[in-house]
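Me: I'd like to go through this model with you, a few residues at a time. Ready when you are.

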Amino acid sequence: MAGTKSISKAELVELIAKNTRLDKSDVQTVVDEMITQVSDHLDRDYQVHLSDFGTFESRERRGRVWAKPGTRERIEVPASRYAAFRPSRRRLSP
């Protein structure tokens, strides 16, 4: 995605601390705990709904057979799970 802007976790913590006038280390603790809780619940197949923001969910990618370029050797790729995010309708509307 050319031109996509991003922000690091450290920058996010700094912005939240500045905007809320909370101590940076306290904000860091809360952000870390939120990430831990979302990850733990996704691992246990829960959906995590954040009102007016979106939903994190765990999805399954089916197993497949893949042909290695060049040699055409067939490789079995096992099924796997991955985290996905679906923004709320409010986030999608301009």
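Me: Ground rules before we start?
Reply: This is a predicted model, so local features need pLDDT of at least 70 and side-chain atom pairs count only at pLDDT 80 or more, while totals for chains, interfaces and linings use all residues. Residues are numbered from 1 along each chain as its sequence is written, and side-chain values use heavy atoms, with hydrogens and water left out.

Me: How many aromatic pairs are there?
Reply: The count comes to two aromatic pairs. Rings of Phe, Tyr and Trp (its six-membered ring) pair if their centres lie within 6.5 Å; planes under 30 degrees apart are stacked, over 60 edge-to-face, and the rest tilted.

Me: What are the numbers for phenylalanine 53 and phenylalanine 85?
Reply: Their ring centres are 5.2 Å apart and their planes are at 45°, so this pair is tilted. The pair links distant parts of the chain, 32 residues apart. Phenylalanine 53 is in the loop between β1 (48-50) and β2, and phenylalanine 85 is in strand β5 (residues 80-87). Helices (H or I, at least four residues) and strands (E, at least two) are DSSP runs, numbered from the N terminus.

Me: And how is phenylalanine 56 placed against phenylalanine 85?
Reply: That aromatic pair is tilted too: 4.8 Å centre to centre, with 50° between the planes. Phenylalanine 56 lies in strand β2 and phenylalanine 85 in strand β5, so the pair ties together parts that are 29 residues apart in sequence. Phe53, Phe56 and Phe85 form one aromatic cluster.

Me: Where do those rings sit on the accessibility scale?
Reply: Buried means under 20% relative accessible area, exposed over 50%, and partly exposed in between (1.4 Å probe, protein chains only). Phenylalanine 53 is partly exposed at 39%. Phenylalanine 85 is partly exposed at 34%. Phenylalanine 56 is partly exposed at 23%.

Me: Switching to glutamate 57. Buried or exposed?
Reply: Glutamate 57 is buried, because its relative accessible area is 9%. Its place is in strand β2 (residues 54-61).

Me: Which side chains does glutamate 57 make polar contacts with?
Reply: One is the side chain of glutamine 47, at 2.8 Å. Another is the side chain of arginine 86, at 3.2 Å. A polar contact is a pair of N or O atoms within 3.5 Å; within protein, one must be able to donate a hydrogen and the other to accept it, and residues adjacent in sequence count only if both atoms are side-chain atoms.

Me: What else does glutamate 57 touch?
Reply: Not counting residues up to four places away in sequence, glutamate 57 touches Leu42, Gln47, Tyr82, Ala83, Ala84 and Arg86. Contact here means heavy atoms within 4.5 Å.

Me: Let's go to serine 88. Where is it, and what does it touch?
Reply: Serine 88 lies in the loop between β5 and α3. Serine 88 counts as buried, because its relative accessibility is 16%. With residues up to four places away in sequence set aside, it touches Asp52, Phe53 and Gly54.

Me: And arginine 91?
Reply: Arginine 91 lies in helix α3 (residues 89-92). It counts as exposed, because its relative accessibility is 51%. Beyond its neighbours within four places in sequence, arginine 91 is in contact with Asp52 and Phe53.

Me: Asp52 again. What's its phi?
Reply: Aspartate 52 has a positive phi of about 60°, although it is not a glycine. Most residues other than glycine have a negative phi. Aspartate 52 is in the loop between β1 and β2, and it is partly exposed at 41%.

Me: What about aspartate 45?
Reply: Aspartate 45 has a positive phi of about 70° and is not a glycine. It is in the loop between α2 (24-43) and β1. At 53% relative accessibility, aspartate 45 counts as exposed.

Me: Last one: valine 65. Which strand, and which contacts?
Reply: Valine 65 is in strand β3 (residues 64-67). Leaving aside neighbours within four places in sequence, valine 65 is in contact with Arg74, Ile75 and Glu76. At 47% relative accessibility, it counts as partly exposed.
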